[in-house]
Amino acid sequence: MRKALLFIPFGVFVVLGVLFYMQLGKDVHYMPSALVGKPLPEFQLVPLESSELVGHESLPKGPYLINFWATWCPSCSIEHEYLMALAAEGVPIVGIDYKDEADAAKQWLLDKGDPYAVVLQDEMGYFGVDMGVTGAPETFVVDSQGRVAYRHQGVVNEAVWQTLQGYMR
Amino acid sequence: MMFPEIGHFALILAMFFAAALGVLPLIGYRTRNGLLLSSAVPLTYVTTALIFLSFVALTLAFVQDDFSVQYVAQNSNTLLPIWYKVSAVWGGHEGSLLLWALILGGWASAVARKSHTLPELTAPVVLAILGIVATGFIAFIVYTSSPFVRLLPETPVDGADLNPLLQDFGLIVHPPTLYMGYVGFSVAFAFAIAALITGNLNSSWARWARPWTNVSWAFLTLGITLGSWWAYYELGWGGWWFWDPVENASLMPWLAGTALVHSLAVTEKRGVFKSWTVLLAIFTFSLSFLGTFLVRSGVLNSVHAFAADPTRGVFILALLVVIIGSSLLLYALRAGEVRSSVSFGITGREAWLLLNNILLTILTLTVLLGTLYPLIFDALGLGKISVGAPYFNAVFGPIALFLIVLMGIGPIAKWHKTKGALLVRHAIAPALLAVLLSAIVYFVGDFDGWVWASLAIALWLSLMCFVEWFSKVAGKNSSLWTRAKKLPRAYYGMQLAHIGVAVALIGVIFVSANSVEKMVRLAPGESVEVNGYEFTFEGIKHVEGPNYVADTGVITVRENGKLIDTMHPQKRLYTTTRQVMTEASLSPGFTRDLYVSLGESLDQGAWGVRIYVKSFVRWIWLGGLMMMAGGLLAAFDPRYRKKAEVAHA
Amino acid sequence: MHPVRKKRMITIGVILTLLGGAIGLVLYALSTNINLFYSPTQIHAGEAPTGVTLRAGGMVVEGSVQRNPQTLDVSFEVTDYAQKVRIEYQGILPDLFREGQGIVAQGRLNDAGVLIASEVLAKHDEEYMPPEISAALEASKQADAKAY
C-alpha cells in the first residue's frame, strides 16, 4: 500500500508530460479560415508585368495554390526555393505580391527565379483582407471547383506540401 | 574577432566535461574507485570555467558590436548604451539560457569548494547529479539555441536593438537573481537524489542542504521582488502583480521552496518527514524546470514570453522527462526504505510545520492548476479560455491568509508537544490587540470588511513575532540585551522573514484598498485633483535619447497649494525597432507613490493621462527584501559550518 | 484506539479537510472567473452570452477607430475577416494598439452586440524584423540549407 503510494508523483508527472506533448504539436496561433468551402472572393488586381486590371479570368484552371509573399518577409525567401521545386513539378502557383513594391518584387523574381504562373500585385493589401491574410507567407489551396479548400499560415515545405496535396482536387 | 567561435567551442567542450562529471563519479561510486570519485571536483571546476569562457566570449561580441553574430544582431545596436549591451547578453532566449548554465556551474563549483565538509562518498554523487543537469542544459543550448550562430557573409550594418521593455535597470538585475534562485534549488535536488542513491537518508542530508536551500530561496525572493517592482514602473499599468503565466512560473518554485525550507528544518531537527522532504526537493526543482519549459516552449502565451519554438519545447520536455521522470521513479523505488525514527507529536511544532507544508503545497497546486487550466481546457477541445486574476485572488487570498494566521502560532509551539494553555496565554493579547487596532483603521479609513480581517492578520503576525522573541529574552538572571545577543542568527533570520511577510501583506492590503486611479484628458495648463494632490499638465517637451526620441510631459504636483514634485512621464519611440514605449514617472514615498503615465496624444495639444495614488506600495517590496535578508541571515548561521565539520570528523 | 493510529487518522483528516476546502474554493473560482474566448464570427452568430465577462479578439479594422475628443472614450471594430464586432472602451489604449494590429479585449457584450471592454490587450508582434536583419537572416538560412 505504502509502496504504491510512492508511485503517485511519478504517475502524475507522466500524465502531465503527455498533456504537454499533445499541446506542443498544436499551433496556438492557428486560425482556420472562414473561407474554406466558399468560392474565391472576386478581385480586381494588376499583374506585375502589365498595367491593366484583371479578375478571375487571369487564374489557372484549378486546382492551384495561391501564395501571399513579399520581398520584406524573411520567411518568404526561405520557402521560395521549395516553391521553385513545386513549380518544376508542374504545380500551378498564383503569387500575390502582398503590400510590396513592384520594382523590388521584379528584382526578387529575377534573382531567385519565378515559380509563379501569374503574379498579381496587392499593394494596399485589400485582397489580403478579403482572404483573411494576417501576414506573409500564407498559402491557400483552391480546388477545381474554384473553392478555397485549405489555408496554411507560414512557410511551405515538404511536410506542409504533404497536407496541401490532399486538398488539390 | 574569433570570440564567437571560441565561445562556441568552449561550450561544446563544457558539454563533454559536464557529461564526464555526470558519469565518472557515479561509476566511481559503484565500483568504489577512489580515482574516479576524486575526479568530481576538478571536473566541476573545468566545466564551470569553460561555461564562463563561453559567456565572456558572448559578452565581448556584444561589447564589440559584432553583428555578424545573429544573436547580437537581433538584440543589440551600436546606439545602445554600454551597460545595456552587457545586459542584452541575457536579453533573449539563447543568452539567458547560457546565463542559466553559467549560474548552474557557479552553484556546482560552490558545492565543490565545500565538498571537504561532506562525507567522502556523498560529495562526488551530488556533483555528478549537477553534472547530469548541466549536460542536459548545455546540450539544449548547443543543439537548439546556440547564441554563437554567425550571419556570414551578409553581415548586417547594424543590429535590431534590444527590446525596449528590457532596456532598464530592473531587467539588468532581475534575470540573474531569479536564475540564482531557480538554479540554486538544483543543489537541494542533487542532495536529495544523492541521499536516495546512497541510501543515506538520515537527517544529515537535510543539514547539508539547508543553507544552500536558504540562499537559493533568498535569491528567488529577491528576483520575484525585483520582477514585481520592474513590472510596476515599466509596464505603465501601475500594477505590481499580474498573475501572468511567467510570473506564476517563478511563484510556484518559490512557494514549494518555502515549504522545503521549513520541512528541511523539521527533518534536520527531529528526523521526521524524511521521505516527504526528499519529494519536496524534487518537486521544487521540477517547478523551476517547468517554469523554464513553460516560458521557453511557447506552450503558454504571455506578454513576457520570449521566442516560441516547438523544437525547443520538445527538447526541454525530453530533458524534463529524463531528469524529473527518473528522479521520481528513483524516489518511488527507494523512498519506501526510510522509516521515521522518531514519531511526532500532534500538538508539537512538527504538526504546525506540517500544516505549513500542506497549505504551501496546496497553494502551489492551485497556482499550477490556474496556470495550466487553459492548456487542459484546450487539450480537451473545450475551447480557448483565460484564467485571470479574479481566480487567483479568490483562491490564493483566503488560503494564504489562513497560512499567515498559523505563522503567528507555529514558532511559539515547542517541539514534540505543546500545552494548549501555553499557546492561549501567548496568543490572546496579540489577537485582541490586532483586531482592535485594525478595527480603528477600518472605521477611520472607511474600508471594506476584508481590510479589517486581513489587516488584523498582518498585525497579529507582527505582534506574535514580538511576543515570541520577548518570551525568549525575558528573564531575571541577565539583561535583555545579553540574552537577545545569545539567540542564534538563524533565529533572527526566521523572525525577519516572518515580519517581512507581515510588512508585504500590509502593503498589499492598502495598495488594493486605498489606491486611487484616474484616467483624464489634460490640455496644457489644465489640472486635476486626485486624492488631495493637484496635478497640473504644464506641457510637452521633445527629448532625444541615445536610441529613442520622446515626448516628455511636464506635470507639477501640489499638495495644499505647495509644490511637492515635478513629474516627467515619457512616450518614447525607439528608432530602430519603431516601438512605442510608455515610461511612467514616479514620485515615491514611504506611505504612498504618485504615479503618472502618458496615454495617447489627443487633439489641441491635449493628452490622455493616467494618474495613480498608490498607498503603501513600497511596503510590498520592502517586505520582499526583509524576507530575502532573513533567508540569508539564516543561511550564514555559523552553526552550520561547525556541525558540518564535526560530521566530517 | 491505538495512539499511533489515532494520530495518523487526525493527520489524514486534517489534510483531507484542507484539501477539500481548497478544491471547493478552486471549483467555485473556476466556475465564475474563467473567460471564454469568442471570435467575431461566433459573436455574430449569437453564440456568445451577453452580460458575462468574456474575451473577444481579432484585427483592428483600418479606419474604424473613433475617439470622442473631449473624453477618453474610444470605439473601434475588430474582425476575423469574416465578421466584425464593435468594441467600446473608456481609457488609455496600450502602446501596441494600432489599426491592422491584433488585439484581445475583455468585457461584456450588451444587447446590441457591442463589447463594452474593461481591458484591451495588444499582442506583441514578434514577426517584425527590420529589413537589414531579415536580409542577413535569409542569406544565412540559405547558406545553412546548402550545407546540409
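A salt bridge is a side-chain nitrogen of Lys or Arg within 4 Å of a carboxyl oxygen of Asp or Glu. The legends below describe close-up views of a predicted model.

**View 1. Salt bridge between C:Arg67 and B:Glu600.** The side chains of C:Arg67 and B:Glu600 approach to 2.1 Å, taken from N to O. With the cut-off at 4 Å, this pair therefore qualifies as a salt bridge. One salt bridge is found across the interface of chain B and chain C. Polar contacts between chain B and chain C amount to two residue pairs, with both residues at pLDDT 80 or more.

**View 2. The side of chain B that touches chain C.** Several elements of chain B each supply at least two residues to this side, including the helices α4 (70–75) and α14 (389–409) and the strands β1 (385–387), β2 (516–522) and β10 (592–601). Helix α13(B) gives the most, with nine residues. By class, the residues on this side of chain B divide into 32 nonpolar, 14 polar and 10 charged.

**View 3. Extent of the interface between chain B and chain C.** Chain B contributes 56 residues to the contact and chain C contributes 40 residues. The two chains bury about 3900 Å² between them, and carbon and sulfur atoms account for 68% of this area.

**View 4. Contact between domain 1 and domain 2 of chain B.** The domain assignment of chain B places domain 1 at residues 1–167 and domain 2 at residues 516–615. The contact involves 11 residues from domain 1 of chain B and seven residues from domain 2 of chain B. The C-alpha centres of the two domains are 43 Å apart. About 760 Å² is buried between these domains, 56% of it from carbon and sulfur atoms. Within domain 1 of chain B, the residues that lose the most area to domain 2 are B:Leu79, B:Asp161 and B:Pro164, which together give 56% of what that side buries. No salt bridges are counted between the two domains, while one residue pair is in polar contact, both residues being at pLDDT 80 or more. The side of domain 1 of chain B that touches domain 2 has six nonpolar, four polar and one charged residues.

View 5. C:Met59 counts as buried because its relative accessibility is 17%, and buried means under 20%. C:Ala122 is 63 residues away from C:Met59 in sequence, yet the two C-alpha atoms are 9.9 Å apart in space.

Terms used:
Residues numbered from 1 in each chain as written. Chains lettered and ligands numbered in written order. Predicted model: local features only at pLDDT ≥ 70, side-chain atom pairs only at ≥ 80, totals over all residues. Heavy atoms only, no water. Domains from an automatic or database assignment. Contact = heavy atoms within 4.5 Å. Buried area = accessible area lost by both parts, 1.4 Å probe. Polar contact = N/O pair within 3.5 Å; in protein donor to acceptor, adjacent residues only side chain to side chain. Nonpolar A, V, L, I, M, F, W, Y, C, P; charged D, E, K, R; others polar. Buried < 20%, exposed > 50% of the residue type's maximum accessible area, 1.4 Å probe, protein only. Helix = DSSP H or I, 4+ residues; strand = E, 2+ residues; numbered from the N terminus.
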